[in-house]
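Let's work through a few exercises together. Keep the picture open and try each task before you read the solution.

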Amino acid sequence: MNTFGRNFAVTTFGESHGPAVGAVIDGCPARLELCATDIQPLLDRRRPGTSPLTSARSETDTVEILSGVFEGKTTGAPVTLLVRNRDIQSKDYEALREKFRPGHADFTYQEKYGIRDHRGGGRSSGRETVGRVAAGAVAMKYLAVKGVAVTGKILEVHGKTAPHEIGQEIVAAKKAGDSVGGIAEITATGCPAGLGDPVFGKLDAAIAGAMMGIGAVKGVEIGDGFAVAGKFGSENNDPMTATGFLSNHAGGILGGISSGQDIIVRIAVKPTPSIAKVQQTRDIHGNVVEISVGGRHDPCIVPRILPVAEAMLALVLIDAVLEQEKYR
């Protein structure tokens, strides 16, 4: 399952310490004006090494468009997006060759495939999301033509909500050899009503699946989310007038179909599992051992996960828009 989407199908490829990562988009509409500068800004927001709050891995994440674009416009052929890995330090992971990192997919990948890439987790690394972000930027370019915009923001990190406190919390965790998680919110504005399909094709189900498909995400809310469990129906319903809705507790989706209001999604992001603190684990031989993960890691994934989550929401929406155009 390396492909996401039906109409705008995105196949990501590459590993954390391989020569390159990227994506192939099959189903990108033709005649969309597209160049690398449309994609690069979103990749720049995701890339590491930009501040003391992120991984020290120094990657330019420069995107190359290898196919599907001619004279500045998409042709309808598959669009191939490539980002070369340039700052690989695989030796940092040699001590982890036979040890499973707690909180990572090391153990489960070994159980499933009988083999794993111990260098940064290979395919399970957050580096895989480069392809998602690149493809998401293309989706955003198309959605913008339709008047749809996707944005994200950090709501909290380790319980802190003020920007200066968030930065301090991340730095403190890093100094302690630990990490912290948080909550982010992603919003799509300008969505027309009618996107999504009832029953098993619900738009909110597709969004939830897309967000949970991001490695560090452990919870998803749409609209008021878990807060609805403590409300009366009279509080949770969104009254309607001749000109629209008076509130948006539903988060822009009713019956699995967009209502025309803002689509509001929140995600719970776990603390980075790669930490310097000594932890107990086991090795591939079944022995109980201790582990301290060195190398270059984010003390908090939340800031860099924003463009990934934005990209995934855009990919869901473009798929729904293209599906709806079949009905029209």
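**Exercise 1.** In which loop does Pro 19 lie? Find out too whether Pro 19 is buried or exposed.

*Before you start.* This is a predicted model, in which local features need pLDDT of at least 70 and side-chain atom pairs count only at pLDDT 80 or more, while totals for chains, interfaces and linings use all residues. Residues are numbered from 1 along each chain as its sequence is written, and side-chain values use heavy atoms, with hydrogens and water left out.

*Solution.* 
Step 1: Pro 19 sits in the loop between strand E2 (9-14) and E3. Helices (H or I, at least four residues) and strands (E, at least two) are DSSP runs, numbered from the N terminus.
Step 2: Pro 19 counts as exposed because its relative accessible area is 70%. The cut-offs are under 20% for buried and over 50% for exposed, with partly exposed in between (1.4 Å probe, protein chains only).
Step 3: Setting aside neighbours within four places in sequence, Pro 19 is in contact (heavy atoms within 4.5 Å) with Arg 84 and Asn 85.

**Exercise 2.** In what order do the five strands of the open sheet with E1 come, and which strands are at its edges?

*Solution.* 
Step 1: The order is E1-E2-E3-E7-E4, with antiparallel pairing. Two strands pair if DSSP finds at least two bridges between them.
Step 2: Strand E1 (3-4) and E4 are the edge strands, and each pairs on one side only.
Step 3: Now look at one pair: strand E3 (residues 20-26) is joined to E7 by six bridges. Val 21 has Val 83 in E7 as its bridge partner.
A bit of background: strands of a sheet pair through backbone hydrogen bonds, either parallel or antiparallel.

**Exercise 3.** Which residues of helix H1 are buried, and what covers them?

*Solution.* 
Step 1: In helix H1 (residues 36-46), the buried residues are Ile 39, Gln 40, Leu 42, Leu 43 and Arg 46.
Step 2: Their cover includes strand E4 (63-67), strand E7 (79-84), helix H3 (129-145) and helix H7 (302-327).
Step 3: Here's a handy rule to hold against that list: an α-helix has 3.6 residues a turn, so residues three or four places apart point the same way.

**Exercise 4.** Describe the open sheet of four strands, and say which helix packs on it.

*Solution.* 
Step 1: Four strands line up as E8-E9-E15-E10, and their pairing is antiparallel.
Step 2: At the edges are strand E8 (149-157) and strand E10 (217-222), each pairing on one side only.
Step 3: From one strand to the next, the twist averages 20°. For such angles, axes are lines fitted to C-alpha atoms (for helices over the stretch in contact), and values run from 0 to 180 degrees between N-to-C directions.
Step 4: Seven bridges pair strand E9 (residues 182-189) with strand E15 (residues 263-269). Among them, Ile 186 has Val 265 in E15 as its partner.
Step 5: Helix H5 (residues 203-212) packs on the sheet and touches E10 and E15. The direction of H5 makes about 155° with that of E10.

**Exercise 5.** Is Gly 251 buried or exposed, and which residues does Gly 251 contact?

*Solution.* 
Step 1: Gly 251 is in the loop between strand E12 (244-245) and strand E13 (253-254).
Step 2: Gly 251 counts as buried because its relative accessibility is 0%.
Step 3: Beyond the neighbours within four places in sequence, Gly 251 is in contact with Ile 222, Gly 223, Asp 262, Ile 263 and Ile 264.
Step 4: Take Ile 263: Gly 251 is twelve residues away from Ile 263 in sequence, but 5.1 Å away in space, C-alpha to C-alpha.
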